[in-house]
Amino acid sequence: MSISKSDPIKKESMSFQDIYGHEKQIALLKSAITGGRLAHAYLFHGREGIGKKAAAMAFAAAILCDRKEAEACRTCLSCKKTGHGNHPDLIMIAAEGAFIKIQAIKDLLHMIAFRPLEGGRRLFIIDEADRMNQAAANALLKTLEEPTPANILVLITSKPYTLPRTILSRCQQIRFSPLRQDAVAAYLENKESLDHETARMIAAAAEGSIQRARQLKGDDYLADRRAVMGHLAADHSGDPLRRLSLMRFLGKDKKDVSEKLSLLLSCFRDALVWKEIPGNPTTANSDEQDAIQAITRLTTDDILYNLQTISTSIRALEYNANKLLTLEAMTFTLRL
Ligand SMILES: [Zn+2]
């Protein structure tokens, strides 16, 4: 079987109340549970790392809970099984390697033919549903076309546009938006024990994603950001050595390069906002006021040119252009 019982769920993530943000979406799911208006298939979509899977788990836990309330109680027998990842009616389907195997969907079809083992409902959570190949998607479509009331499917994806329309149209779609900065900062303070100021700075760069924030926290993000600011704050006119040093800083490792290019973008974006909106507005890097101020020496046209040049380089690298050549061309054409 390539289909599996759920991973053990950390107790804290079994409840909606432990999810940061997404108040509207959660209210909608809760009222579907308590009002007995559950759809047979849901599509949770939105960018990566913002809590779609946690919401799916809390949703499943509440539906399977013996108390039949909007939140899982965490204490009944069903909740204990859910929490330990061995509830027979909570089935996780995820990609193995690059794809969700057709066999996993066949197993799902086979299970659906039988009643849930505990008598109530059975939840299938298909994570990264966009990784179904055509054959798997076609097989899944069968069950979506002939729903069985006891089974609920929750498809999760950050790329809904890659799923066949026939699947999209048969699911109730719930869109999860990027989290607000304050929600990400609160998460970092409460769960990752960061101090208020660091949490705020990382949240500003995390683009509404807790997963991204945790990555940034683990990386040398703050040190890198300071270094990027230092490079950009300096006047490069007529000094090729400064440009070489910027190029070296941008690095050789692909992931590292893309992180640093994103930092460059965010610095120039901030400088643009500062130029165009008087009164030092709040921006991603507003704690680095001196550096941003220094970058505003450039004209608006120059900053826009730089933003475009960097974006083009990021795209080129995504398409596997030669890193050194791309960086060299970019560094020496930036208007600094
Ligand atoms: Zn319970």
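Predicted model: local features only at pLDDT ≥ 70, side-chain atom pairs only at ≥ 80, totals over all residues.
Good morning, colleagues. I begin with phenylalanine 59, which sits in helix α2, residues 52-64. Its relative accessibility is 0%, so phenylalanine 59 counts as buried. Leaving aside residues up to four places away in sequence, phenylalanine 59 touches Phe16, Leu29, Ile33, Leu38, Tyr42, Phe44 and Val154. Alanine 113, by contrast, lies 54 residues from phenylalanine 59 in sequence, and the two C-alpha atoms are 23 Å apart.

I turn next to the metal. Which residues coordinate the zinc ion? They are Cys65, Cys73, Cys76 and Cys79, each through SG, at 2.3 Å. Along the chain, these donors follow the spacing C-x7-C-x2-C-x2-C. Cysteine 65 and cysteine 76 are 11 residues apart, and both are in the loop between α2 and α3. The angles among the 4 donor atoms run from 106 to 116°, and the site is tetrahedral. For reference, the ideal angle for four tetrahedral donors is 109.5 degrees. As to accessibility, cysteine 65 counts as buried because its value is 0%. Cysteine 76 has a relative accessibility of 12% and therefore also counts as buried.

The remaining topic is the salt bridges. The count comes to 14, and I shall discuss three of them.

The side chains of arginine 180 and glutamate 23 meet in a salt bridge, with an N to O distance of 3.9 Å. Arginine 180 lies in the loop between β6 and α7 and glutamate 23 in helix α1, so this pair ties together parts that are 157 residues apart in sequence. Arginine 180 is partly exposed, at 49% relative accessibility, and glutamate 23 is partly exposed with a relative accessible area of 49%. A network of salt bridges links Glu23, Arg180 and Asp182.

Glutamate 207 forms a salt bridge with arginine 47, and their closest N and O atoms are 3.2 Å apart. This pair links distant parts of the chain, 160 residues apart: glutamate 207 is in the loop between α8 and α9, and arginine 47 is in the loop between β2 and α2. Arginine 47 is partly exposed, at 30%.

Finally, aspartate 127 forms a salt bridge with lysine 53, the closest N and O atoms being 3.7 Å apart. Is aspartate 127 buried or exposed? With 15% relative accessibility, aspartate 127 counts as buried, while lysine 53, at 31%, counts as partly exposed.

Thank you for your attention.

Methods:
Residues numbered from 1 in each chain as written. Heavy atoms only, no water. Helix = DSSP H or I, 4+ residues; strand = E, 2+ residues; numbered from the N terminus. Buried < 20%, exposed > 50% of the residue type's maximum accessible area, 1.4 Å probe, protein only. Contact = heavy atoms within 4.5 Å. Donors = N, O, S within 2.8 Å, 3.2 Å for Na, K, Ca; no water. Tetrahedral: all angles 85-135°; square planar, octahedral: opposite > 155°, others 65-115°. Salt bridge = Lys/Arg side-chain N within 4 Å of Asp/Glu carboxyl O.
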